[in-house]
Amino acid sequence: MILRPPNPDELAALSDMCLRSKAVWNYDEAMLEAFRDELTLTEDDLDFDAVVVAEDKRGVAGLAEVSLEEDGTSHLEKLFVEPARLGEGTGKMLYVWACRFAQGLGAREMVIEADPDAAPFYRHMGAEPAGEAESGSIPGRFLPRLVHRL
């Protein structure tokens, strides 16, 4: 498995993978459509954030996106695994990369606004509950907010 930067010409396919990954939590089509903008990777994401793709000889296995604020706080913007590749360790590898990358830039913590079904994974990886955050996709919906001290 290698980690590499995404190519601009694959942003649409990677965004589709994010939606397929989100769909494993049994969201209906209307909810998935509400998530579409937030899960779509753009060229601005590539310009301002760190994005990596996990890939092996079978193809793309997942991706992660990390942003960094001036105050030293990093955010795990995206971490998605191709549904057929779940359980292979790709999510753990991407999460470790995200933490090390953020720490290497001087971040003291990584904030995660998690899907409620994904929160147990992040807690297992060392993130601690830190309240709630309003969804960027659905007003009035609140997500678990977790913080991983780096």
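Guide: Here is a walk through the salt bridges, with some background on the chain.

This is a predicted model, where local features need pLDDT of at least 70, side-chain atom pairs count only at pLDDT 80 or more, and totals for chains, interfaces and linings use all residues. Residues are numbered from 1 along each chain as its sequence is written, and side-chain values use heavy atoms, with hydrogens and water left out.

First, the setting. The chain has five helices and seven strands. Both are DSSP runs, numbered from the N terminus: helices are H or I with at least four residues, strands are E with at least two. Their order from the N terminus is β-α-α-α-β-β-β-α-β-α-β-β. Of the 150 residues, 46% are buried. Buried means under 20% relative accessible area, exposed means over 50%, and partly exposed lies in between (1.4 Å probe, protein chains only).

Now the pairs. Side chains of opposite charge can pair when their charged atoms come close. A salt bridge here is a side-chain nitrogen of Lys or Arg within 4 Å of a carboxyl oxygen of Asp or Glu. The whole structure holds eleven of them.

Start with arginine 4 and glutamate 55. Their closest N and O atoms are 2.7 Å apart. Arginine 4 sits in strand β1 (residues 2-4) and glutamate 55 in strand β2 (residues 50-56), so this bridge ties together parts that are 51 residues apart in sequence. Arginine 4 is buried, at 15% relative accessible area. Glutamate 55 is partly exposed, at 23%.

Next come lysine 22 and aspartate 115. Their side chains meet in a salt bridge of 2.9 Å, N to O. Lysine 22 belongs to helix α1, and aspartate 115 to the loop between β5 (109-113) and α5 (119-124), so the pair links parts that are 93 residues apart in sequence. Lysine 22 and aspartate 115 are both buried.

Then look at glutamate 88 and arginine 85. The closest N and O atoms of this salt bridge are 2.7 Å apart. Glutamate 88 is partly exposed, with 38% relative accessible area. Arginine 85 is buried, at 6%.

One last point concerns contacts, meaning heavy atoms within 4.5 Å. Among contacts in the chain with a separation of 6 or more, 62% come from residues 24 or more positions apart.
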